[in-house]
Amino acid sequence: MNKQISDMSREKIFSAIQAAKPTVTADVKTIEDEALELLKESEFARPQLMSADATEALMLRIEAGLVIGTTCEKISTLDTLPNAVKKFFDVNDLPPELKVQGVEQLNTLDWEGITIDVDIEKDNTVGLCLAEYGVAETGSFVAHSSPEMPILLNFLSLYLIAVIPKSKILHYMDDYALIANEIAKKKQTPRNMCLISGVSGTTDIEGVLVKGAHGPEVLHIIIVEDE
């Protein structure tokens, strides 16, 4: 009986979709141009950031506690990243070991005294990734999956450190939408484009916020001066 009801509902839904099928008369280019025109209108709907400077706005948002479970700092050069990571270990009383994303910019740094290839499937691990972009509006960072960017690095570790080059911090989320559109035009869209804002959290149980339920419990963003 339940299967019969389910099949009837399914048929009803698909029939409604088919009946409402729009008739597309414009070509793809025209639709894209219309979409970009609509995007321009978002200039008037954008919220005011905490600073006109994107990097400062992102840091102020995090420092104000508006990005759950997240801290941030800024370093002058990428060479000083290992020292910043050591301080993160000390603050969180962690052993000097983590999983570093397999990209040359990170792997060629001087990690003396730190193990950089731990198994992140173990408990209480630390992951370190190089973000594609940062977004000041939401305090987010963007990660694209690739052979060098296993996306689970951002979700399996209990502690996550995301490094964002200052030059790649955007003001608004729709700024990233334009970039994603250009990537798509080049047919280079990665399998996953993840926008991560704060730590994993749920309030499913009696409305109590539990952090780290489905991903990192602690997120630390490190901004690198590269301009």
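Trainee: Which backbone oxygen does the side chain of Thr70 reach?
Mentor: The model is predicted, and Thr70 lies in strand 1, residues 70-75. At 3.1 Å from the side chain of Thr70 is the backbone oxygen of Ile68.

Trainee: Is Thr70 buried or exposed?
Mentor: Buried means under 20% relative accessible area. Thr70 has a relative accessibility of 9%, so it counts as buried.

Trainee: Which residues is Thr70 in contact with, leaving aside its neighbours within four places in sequence?
Mentor: Contact here means heavy atoms within 4.5 Å. With the neighbours within four places in sequence left out, the contacts of Thr70 are Ile62, Gly198, Val199, Leu219 and Ile221.

Trainee: Which residues touch the most other members of the largest nonpolar core?
Mentor: That core has 28 residues. The two that touch the most other members are Phe141 and Ile221.

Trainee: Which element gives the largest share of this core?
Mentor: The elements that give two or more residues to the core are helix 3 (54-63), strand 5 (140-144), strand 6 (159-165), strand 8 (193-196) and strand 11 (218-224). The largest share is 5 residues, and it comes from helix 3.

Trainee: How many residues are in the second core?
Mentor: The second core is separate, and its members include Phe88, Ile114, Ile161 and Val224. Its residue count is 23.

Trainee: How many residues apart in sequence are the parts that Asp174 and Arg46 tie together?
Mentor: The side chains of Asp174 and Arg46 meet in a salt bridge, 3.0 Å from N to O. Asp174 lies in helix 6 (residues 173-185) and Arg46 in the loop between helix 2 (28-40) and helix 3, so the parts tied together are apart in sequence by 128 residues.

Trainee: Where do Glu132 and Lys168 lie?
Mentor: Glu132 and Lys168 form a salt bridge, with the closest N and O atoms 3.8 Å apart. Both residues are partly exposed, Glu132 with a relative accessible area of 27% and Lys168 with 26%. The pair links distant parts of the chain, 36 residues apart: Glu132 is in the loop between strand 3 (126-130) and strand 4 (133-135), and Lys168 is in the loop between strand 6 and strand 7 (169-170).

Trainee: Which residue meets Lys166 in a salt bridge?
Mentor: Lys166 is in the loop between strand 6 and strand 7, and its partner, 59 residues apart, is in the segment after strand 11. The N to O distance is 3.5 Å, and the partner is Glu225.

Trainee: Which residues form a nonpolar patch on the surface?
Mentor: One member, Ile17, lies in helix 1 (residues 2-19). At 52% relative accessibility, Ile17 counts as exposed. The patch has about 300 Å² of accessible area together, and its members are Ile13, Phe14 and Ile17.

Trainee: What share of the residues of the chain counts as buried?
Mentor: The chain has 6 helices and 11 strands. It exposes about 13,900 Å², with carbon and sulfur atoms supplying 53% of that area. Of its 227 residues, the share that counts as buried is 37%.

Definitions and conventions:
Residues are numbered from 1 along each chain as its sequence is written. This is a predicted model: local features need pLDDT of at least 70, side-chain atom pairs count only at pLDDT 80 or more; totals for chains, interfaces and linings use all residues. Side-chain values use heavy atoms; hydrogens and water are left out. Patches are made of residues with over 30% relative accessible area and no salt bridge: like charges are joined within 9 Å, nonpolar side chains (Val, Leu, Ile, Met, Phe, Trp, Tyr) within 5 Å. Accessible areas come from the Shrake-Rupley method with a 1.4 Å probe; for residues, only the protein chains shown count as cover. A salt bridge is a side-chain nitrogen of Lys or Arg within 4 Å of a carboxyl oxygen of Asp or Glu. Helices (H or I, at least four residues) and strands (E, at least two) are DSSP runs, numbered from the N terminus. Buried means under 20% relative accessible area, exposed over 50%, partly exposed in between (1.4 Å probe, protein chains only). A polar contact is a pair of N or O atoms within 3.5 Å; within protein, one must be able to donate a hydrogen and the other to accept it, and residues adjacent in sequence count only if both atoms are side-chain atoms. A nonpolar core is a set of buried Ala, Val, Leu, Ile, Met, Phe, Trp, Tyr and Cys residues joined through side-chain atoms within 4.5 Å.
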